[in-house]
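This briefing is intended for readers who will examine the sequence and the coordinates side by side. It groups its points by topic.

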Amino acid sequence: MMFKQAIVRKPSRSISEGLTGADLGTPDYQQSLLQHQSYTNMLTALGLTVTQLPALDDLADATFVEDVALLVDDVAVLTRPGAKSREPEVSFMAETIREFFTEVHTITHPGTLEAGDIMRVENKLYVGLSDRTNEAGVAQLASIFAPHGVDVIRVKMSEMLHLKTGVNYLSNKQMLVCGEFVGHPAFADYECFEIPEGEEYAANSLWINGSVIVPTGFDKTASLIEELGYPVVRVDTTEFRKIDGGLSCLSLRF
Ligand code: CIR
């Protein structure tokens, strides 16, 4: 699988009010803009054409575009975030998605789904049943993808914010795992590499066309990934981490 495009959205002026369970302080707006630009530049350097959407200054978490849409080949799904404050982000993303996709589905009440809970592995979608994603949302997703031969596999979870907070697919049947996903039966058929202790945030490293973006400052994880043969590049995400955002959350890739 190769990605050609990405969609990102500039951080909001209100980013310091983003939802968070982390105890790392509040993000600095100016710094978040710089880090976001570096992230965007890295996607470009890795060969993607990046559409950079304008900030939605009143929606603190809107830079985490991954959560509001799922793009799988020719099919797009607009999600319905479980976090109430994030619901309005969807309609803003809808316009952009319709420019690129003709088949666009939506998740509707009573379903909730945030695509940070969805990890694609070839023609499978692993979906975490988290506080943000419920069974009704996953059932809708499964019926959307059934005609496309894409399987939806539920993953029980209880600790992390999103599925991809703790597990991310690289390629060649290799995954990065930490916390509640270490030894999780859903991933028994894969080669799972446990993130070194203290570096759990780097479980959300991002495979892009053979290379892997690792957050700056997580050198043990970077070495582990390099030893597997993937070229590693680094992007600083300290400001996004303060509101539970990682590398994958910051873009939609297709
Ligand atoms: C939230 O709690 O919704 C945001 N502060 C962070 C979202 C991170 N998104 C992701 O992991 N896909």
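Predicted model: local features only at pLDDT ≥ 70, side-chain atom pairs only at ≥ 80, totals over all residues.

**Thr79 and its surroundings**

Apart from neighbours within four places in sequence, Thr79 contacts Asp67, Val68, Ala69, Leu70, Val90, Ile107, Leu113 and Ala115.

- Thr79 is located in the loop that joins β4 (75-78) to α2 (89-100).
- Thr79 counts as buried because its relative accessibility is 4%, and buried means under 20%.
- A polar side-chain atom of Thr79 lies 2.8 Å from the backbone oxygen of Asp67.

**Annotated binding site**

- An unreviewed UniProt entry assigns the feature "binding site" to Leu19, Asp61, Glu66, Asp67, Arg86, Arg132 and Ile243.
- Of these residues, Leu19, Asp61, Asp67, Arg86, Arg132 and Ile243 are included in the lining of the largest cavity.

**Glu66 and Asp67**

- Glu66 is found in the loop between β2 (49-53) and β3 (69-72), and Asp67 lies in the loop between β2 and β3.
- Glu66 has a relative accessibility of 3% and therefore counts as buried.
- Asp67 is likewise buried, its relative accessible area being 2%.
- When neighbours within four places in sequence are set aside, the contacts of Glu66 are Ala115, Gly116, Lys164, Ser248, Cys249, Ser251, Leu252 and Arg253.
- Asp67, with residues up to four places away in sequence not counted, touches Thr79, Arg86, Leu113, Glu114, Ala115, Gly116 and His162.
- Ala115 and Gly116 are among the contacts of Glu66, and both are also among those of Asp67.
- Arg86, one of the residues touched by Asp67, carries the UniProt "binding site" annotation as well.

**Helix α1**

- Helix α1 (residues 29-45) comprises 17 residues and spans 24 Å from its first C-alpha to its last, close to the 24 Å expected at 1.5 Å a residue.
- Its buried residues are Tyr29, Ser32, Gln35, His36, Tyr39, Thr40, Met42 and Leu43.
- These residues lie on the same side of α1, because they cover an arc of only 155° around the axis.
- An α-helix has 3.6 residues a turn, so residues three or four places apart point the same way.
- Gln30, Leu34 and Ala45 are exposed on the other side of α1.
- At the start of α1, a side-chain oxygen of Asp28 comes within 3.4 Å of the backbone nitrogen of Gln30.

Conventions:
Residues numbered from 1 in each chain as written. Heavy atoms only, no water. UniProt positions renumbered as here; feature names shortened; annotations may be inferred. 1 Å grid on protein atoms, 1.4 Å probe; cavity = no way out; pocket = protein on both sides within 12 Å on 5 of 7 lines; lining within 4 Å. Helix = DSSP H or I, 4+ residues; strand = E, 2+ residues; numbered from the N terminus. Buried < 20%, exposed > 50% of the residue type's maximum accessible area, 1.4 Å probe, protein only. Contact = heavy atoms within 4.5 Å. Expected span 1.5 Å × (residues − 1). Arc of directions from axis to C-beta. Polar contact = N/O pair within 3.5 Å; in protein donor to acceptor, adjacent residues only side chain to side chain.
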